[in-house]
Amino acid sequence: MVSTPHLLLALGIVCLLRFIHLKVSARFALWHVPGPKPHSWLWGEEQILYHDSPGSHYVEWHRKFGKIVRFSGACGHQILSITDPCAISYIVGEGTYQFPKPNGVRTWFRLLLGKGILWVEGKEAHERQRRTVAPALSTQSVRHLTTLFYENAAKMVTQWHKILDDTQSVDVTIEMTNWAGRFALDTIGRAAFSHDFGCLNGQPHALVNALDTLMNHEKTQWTFYMRALFWFAPWILHFGKKGHLIRKTREELGELAMFILRDAKISNDPDSKSLMSSMLREDNSSTTPYLDDEQVAAQMRTIISAGYEPVSATIAWLFYELAMDPERQEAIRDEVSIACDPSYDALNNDFPLLHAFLMETLRMHPPVMENHHQASETTIVPLSEPLPGTTDTRLIIPKGTVLSMPVNVIQKDKSTWGPDADVFRPERWLQRNTRNNRDLFAFSLGPRGCLGRNFAAAEIKALTVVLLRQFSFTCQYDIESFQTFVIRPRVVGEGPSSLPLLVRRILD
């Protein structure tokens, strides 16, 4: 009779051999795909991707090898970087449920946020969660929230005037990344949950500190190990200081979510337009309600994170570009200097310079650098052009292969955006057909595209209108891109993200 230890050992050997077989099979199946030689036999390209300028190696690889590039991650696992428009259209469109998020990414979302809409996979499960969240982020819902955006922007203006009054100076240095985060958190809190986090009162705030400690940090060796290994060893996310911070942030977000949920259930306001109320009403009206308290809390954690990181990064980059271009800053100020706060429809239709500037900011500074997927089965993907040296316009992607879609490369493709694709030029959005025919990939596309796209654009535009009426902006520092969870600006050579802007009152 076989003993338990021997059985476990045998099972372990079988699993290891199967893992090796899959990896070797994938390597040979993708052997014809061009790409760089590994910089390290152990870490592959992970070290240079982590330590060098965000996205720079993707630009180099795709310029040299074409629209499909194979490179090695840690321990030799194969990754495909894809910028081919036909392949991307299939992967995020028709084939979206064949290409879920990689296991490591899903584990990150589950540990930090819970089993919400960013974690869920599978057509039926995803569509059910999407139906619950989508109504509160519809155009009609965002239209009703525009006044709230202006109210929060006005709070920010009040705090800045206080800072200027206290310094008794005509101008003052404002840390824009910090205030952008405060605005984004208070806005998502009030709009989604009818809850004011109080981040815009100018005082230190526990939620801001918790999120910044986890997401906005200097790069460390342990963080590199986690980033390199979690693709195929997601259990590493449980360990070290980072694992502790993930658990601590989840607990803090969870306690806050349950507090807000209890208040929402007590008030039971049938007229509330908040995402929380809409979500509860949608679930209660369903023939098969499925949201228990933890599932609601998971969606709330997800919404807070999604409404904070990408939005605050985009606000910071937009004001950096304004600060670096006084002429365009003045032109947009003239455009938005009207007597009243514009409506949602006016924000979208009446300010072409503002819209163009935001779209160009998203094109040049996408908050999320890479869109990741993993083949759930061996799948044939169409290509817009053959791989170098072949005539086949199809690519067989083996099961388990991790895919990376570098947004910075896609959005600077000269065949789409013209010979000046590397230049920040908002006027390209004012040219005929540009706004309709060139979708940004910053929000992703297809069934899993960002639900909060209209919400984010409206709140950023509203904040920009209010701030440009009151202040002018200049930047006296050299700024570089810095990758944490999103791509943030920072002063060259500093640790965490930073964007000190010189802010001056606009005098009547």
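These notebook entries record what I looked up in this predicted model.

**Ground rules.** I number residues from 1 along each chain as its sequence is written, and I use heavy atoms for side-chain values, leaving out hydrogens and water. The model is predicted, and I note that local features need pLDDT of at least 70 and side-chain atom pairs count only at pLDDT 80 or more, while totals for chains, interfaces and linings use all residues.

**Entry 1: cores.** I looked first for nonpolar cores, meaning sets of buried Ala, Val, Leu, Ile, Met, Phe, Trp, Tyr and Cys residues joined through side-chain atoms within 4.5 Å. I took buried as under 20% relative accessible area, exposed as over 50% and partly exposed as in between, with a 1.4 Å probe and protein chains only. The largest core has 129 residues, and Trp160, Leu467 and Phe473 have the most contacts inside it. Helix α13 (residues 293-323) supplies the largest share of this core, 15 residues. Helices (H or I, at least four residues) and strands (E, at least two) are DSSP runs, numbered from the N terminus. A second, separate core holds 22 residues, including Ile68, Ile82, Ile91 and Leu403.

I then listed the neighbours of Phe473, with contact meaning heavy atoms within 4.5 Å. Leaving aside residues up to four places away in sequence, Phe473 touches, among others, Trp160, Phe319, Leu467 and Leu501.

**Entry 2: helix α7.** The 29 residues of α7 should span 42 Å, and the end C-alpha atoms are 42 Å apart, so the two agree. I also found a kink of about 40° in α7, centred on Leu145; the bend at a residue is the angle between axes fitted to the seven residues ending there and the seven starting there. Just after α7, Gln168 takes a positive phi of about 50°.

**Entry 3: the sheet of 3 strands.** I traced an open sheet in the order β3-β11-β8, with antiparallel pairing; two strands pair if DSSP finds at least two bridges between them. β3 (171-175) and β8 (471-474) are at the edges with a single partner strand each, so one side of each has no neighbour in the sheet. Between β8 and β11 (residues 500-505) I counted 4 bridges, and Ser472 has Arg504 in β11 as its bridge partner. α7 lies across β3, β8 and β11, at about 130° to β3. Axes here are lines fitted to C-alpha atoms, for helices over the stretch in contact, and angles run from 0 to 180 degrees between N-to-C directions.

**Entry 4: the sheet of 4 strands.** I traced a second open sheet in the order β1-β2-β7-β4, with mixed pairing. β1 (68-72) and β4 (370-374) stand at its edges, each with a single partner strand, so one side of each is left without a neighbour there. β4 and β7 (residues 402-406) run antiparallel and are joined by 5 bridges; His372 has Ser404 in β7 as its bridge partner. Helix α3 (residues 56-65) packs on this sheet and touches β1, β2 (78-82), β4 and β7. Helix α4 (residues 85-92) also packs on the sheet, touching β2, β4 and β7.

**Entry 5: strand β6.** I noted that β5 (residues 379-382) and β6 pair in the antiparallel sense over 4 bridges, with Arg394 in β6 as the bridge partner of Pro382.

Terms used. The expected span of a helix is 1.5 Å times one less than its number of residues.
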